[in-house]
Amino acid sequence: MLRGALKLATSRSLCNSFLRPLLSPHSSSTFSRFSSSSSPPSQNLAGNFVEHAAEDASSQNCSPTSTISIDRSGLYNPPEHSHGPSSDSKLVKHLKSIIKFRGGPISVAEYMEEVLTNPKAGFYINRDVFGAEGDFITSPEVSQMFGEMVGIWAMCLWEQMGRPNKVNLVELGPGRGTLMADLLRGASKFKNFTELLHIHLVECSPILKELQHRNLKCVDEDYNSPNNEKRTISTIGGTPVSWHATLEQVPSGVPTIIIAHEFYDALPVHQFQRASVGWREKMIDVAEDSTFRFVLSSTPTPASVFLAKRCKWAAKEEIDELNQIEVSPRAMELTESICKRIGSDGGGALIIDYGLDGVVSDSLQAIRKHKFVHILSEPGTADLSAYVDFASIRHSAQEASGENISVHGPITQSQFLGSLGINFRVETLLENCTTDEQAELLQAGYWRLVGEGEAPFWEGPKDKVPIGMGTRYLAMAIVNKNQGTPIPFQ
Ligand SMILES: C[S@@+](CC[C@H](N)C(=O)[O-])C[C@H]1O[C@@H](n2cnc3c(N)ncnc32)[C@H](O)[C@@H]1O
């Protein structure tokens with residue numbers, strides 16, 4: 001059933017020789033952030049909007065005007081001396097106090113950032129949110145094969161880089177550290193690769209850092225340095241591991257491979273809505289009854305500059321069709337940082353996420369315990385994520401880096417994994433299964449990763465469409481041009 005020719009495939013030997021035939025499929029009966037049957041819910045909150053009468057009728061397009069202000073009329077002002085009992089969580093209180101002291105509503109991007117990464121009460125900060133017991137599941141948690149395939153990609157890029165004798169392998173937002181652990185386990189036979197790596201994990205969550213430390217089987221060693229620092233080694237690959245709050249903090253001057261799996265979708269987005277007077281930003285305010293509500297800014301906001309930039313990169317017809325647009329200045333900035341780093345140090349970046357190769361309209365979604373919930377419901381208890389605008393990443397990269405960077409893709413996750421040989425890998429693993437249950441779990445994980453109609457090797461019954469993340473998740477590579485075209489983006 002899993003046989004089949006891979007049109008773009010690297011050879012069976014490439015895949016299987018890179019990987020030990022270990023078998024520990026991560027079991028999963030939970031749902032990814034896009035359940036197989038549902039598109040992300042259009043939040044369709046237009047009914048909740050308060051559209052303030054705007055004097056500035058100048059902008060039907062998305063060019064920012066020189067005047068930037070927020071209409072504060074009609075906003076809720078909490079009573080000065082309210083001592084009534086409040087069941088608001090810490091984060092809700094914090095959000096309300098920002099709105100109160102700012103004297104006006106906050107952008108969806110600011111709300112999203114606080115909800116996800118507020119250092120005290122953000123969604124990611126104090127808990128493990130992954131898997132059946134958590135809120136959602138991601139590809140590395142579905143099957144070990146995901147991290148193994150990303151490992152093959154990284155080793156191929158290293159070859160293309162001319163096998164430098166030092167490489168910074170950076171992962172942005174590593175979650176539980178599962179992808180990196182599977183990557184190292186899969187590559188551990190290739191000591192000449194693993195021994196030259198220094199792993200840098202960019203993570204904001206203290207609890208997830210601990211999990212990453214544990215899952216990478218790290219030990220802390222005294223280090224013979226002038227300051228008697230400790231250094232951390234992953235015993236899976238014998239590889240040093242360091243943690244950082246941002247990509248900028250990762251030491252530079254060494255060829256670098258960057259992996260960003262489901263990281264961009266957690267970056268804050270601004271949401272704009274077409275109004276009678278032009279594009280206006282959706283903001284979040286506190287209503288009379290003390291709940292959060294959406295309002296529309298009556299004049300252009302600072303983020304309108306990024307909307308204008310995004311619109312400039314799109315065809316007029318693409319914009320004309322939309323009544324809502326999301327833009328992520330943070331995604332643009334991150335792409336610029338990635339390009340700067342690999343432009344100067346060599347190497348490349350792999351971005352895998354769900355998204356579109358075009359302007360994203362209204363995709364922001366909240367997921368709690370594997371179910372979609374309202375974005376404004378109990379902030380901090382649900383994940384917030386938005387479709388990644390891959391076209392915007394491409395344009396940001398091209399704008400940032402001029403001549404020495406090339407951008408490849410996006411291609412579907414199914415094409416990416418298929419071309420790297422996942423079907424050969426699953427066959428090898430199946431041969432090592434000792435029980436039917438193991439084999440079923442492995443196959444289910446495989447279909448979750450590559451399925452959804454366009455899997456290149458679907459040989460199952462015609463009336464059954466494979467279900468999974470294969471086409472909704474896209475892969476894009478940004479590389480230093482000296483590296484040529486990365487596998488499998490030829
Ligand atoms: C959706 S999870 C993806 C986890 C992992 N890549 C996976 O696929 O399982 C997002 C990850 O990024 C981290 N994260 C989110 N925003 C961040 C930020 N601004 N800075 C650093 N880490 C962040 C989260 O703590 C989490 O580890």
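Colleague: Which residue in S5 stands opposite aspartate 222?

Modeller: Lysine 230 does. Another bridge partner in S5 is threonine 232, which belongs with aspartate 220. A word on the source: this is a predicted model, where local features need pLDDT of at least 70 and side-chain atom pairs count only at pLDDT 80 or more, while totals for chains, interfaces and linings use all residues. Residues are numbered from 1 along each chain as its sequence is written.

Colleague: How do you know that S4 and S5 pair?

Modeller: Count the bridges. Two strands pair if DSSP finds at least two bridges between them. Five bridges join S4 (residues 218-222) to S5 (residues 230-234), so the two strands pair. They run antiparallel. The labels come from DSSP too: helices are H or I runs of at least four residues, strands are E runs of at least two, and both are numbered from the N terminus.

Colleague: Does S4 lie in the open or is it buried, and what makes you say so?

Modeller: Largely in the open. A residue is buried if 20 or more other C-beta atoms lie within 10 Å of its own, exposed if 12 or fewer, and partly exposed in between, with C-beta atoms placed from the backbone. Of the five residues of S4, zero are buried, so the strand lies largely in the open. Across the protein chain of 490 residues, 50% count as buried.

Colleague: What follows S5?

Modeller: A hairpin with S6, with four residues between the two strands. Glycine 238 sits in the turn and has a positive phi of about 65°. Three bridges join S5 to S6 (residues 239-244), antiparallel again. Threonine 232 stands opposite valine 241 in S6.

Colleague: Why are S14 and S15 called edge strands?

Modeller: Start with the order. Three strands form an open sheet, S14-S13-S15, with antiparallel pairing. S14 (371-373) and S15 (383-385) each have a single partner strand, so one side of each is left without a neighbour in the sheet. The twist averages 40° from one strand to the next. Three bridges join S13 (residues 365-368) to S15. In one of them, alanine 366 partners leucine 384.

Colleague: Which peptide bonds are cis?

Modeller: Glycine 409 to proline 410 is one, with omega near 10°. Isoleucine 487 to proline 488 is another, with omega near -5°. Proline 410 is in strand S17 (residues 405-412). Proline 488 is in the segment after strand S18 (473-480).

Colleague: Why is the packing of H14 and H15 described as it is?

Modeller: Look at the angle. Axes are lines fitted to C-alpha atoms, for helices over the stretch in contact, and angles run from 0 to 180 degrees between N-to-C directions. Under 35 degrees is roughly parallel, over 145 roughly antiparallel, 65 to 115 roughly perpendicular, and the rest oblique. H14 (residues 422-431) and H15 (residues 436-450) pack at about 170°, with axes 10 Å apart. H14 and H15 are therefore roughly antiparallel.

Colleague: Which residues of H14 meet H15?

Modeller: Ile422, Val426, Leu429 and Leu430 meet Ala439, Leu442, Tyr446 and Val450 of H15. Contact means that the C-beta atoms, placed from the backbone, lie within 7 Å. This contact divides into eight nonpolar, no polar and no charged residues. Ala, Val, Leu, Ile, Met, Phe, Trp, Tyr, Cys and Pro count as nonpolar, Asp, Glu, Lys and Arg as charged, and the others, Gly among them, as polar.

Colleague: Why is asparagine 118 not counted as buried?

Modeller: Asparagine 118 has 19 C-beta neighbours inside 10 Å, so it counts as partly exposed. It is in the loop between H3 (108-117) and H4 (139-142). Leaving aside neighbours within four places in sequence, asparagine 118 contacts Leu91, His94 and Ile125.

Notes:
Two residues are in contact if their C-beta atoms, placed from the backbone, lie within 7 Å.
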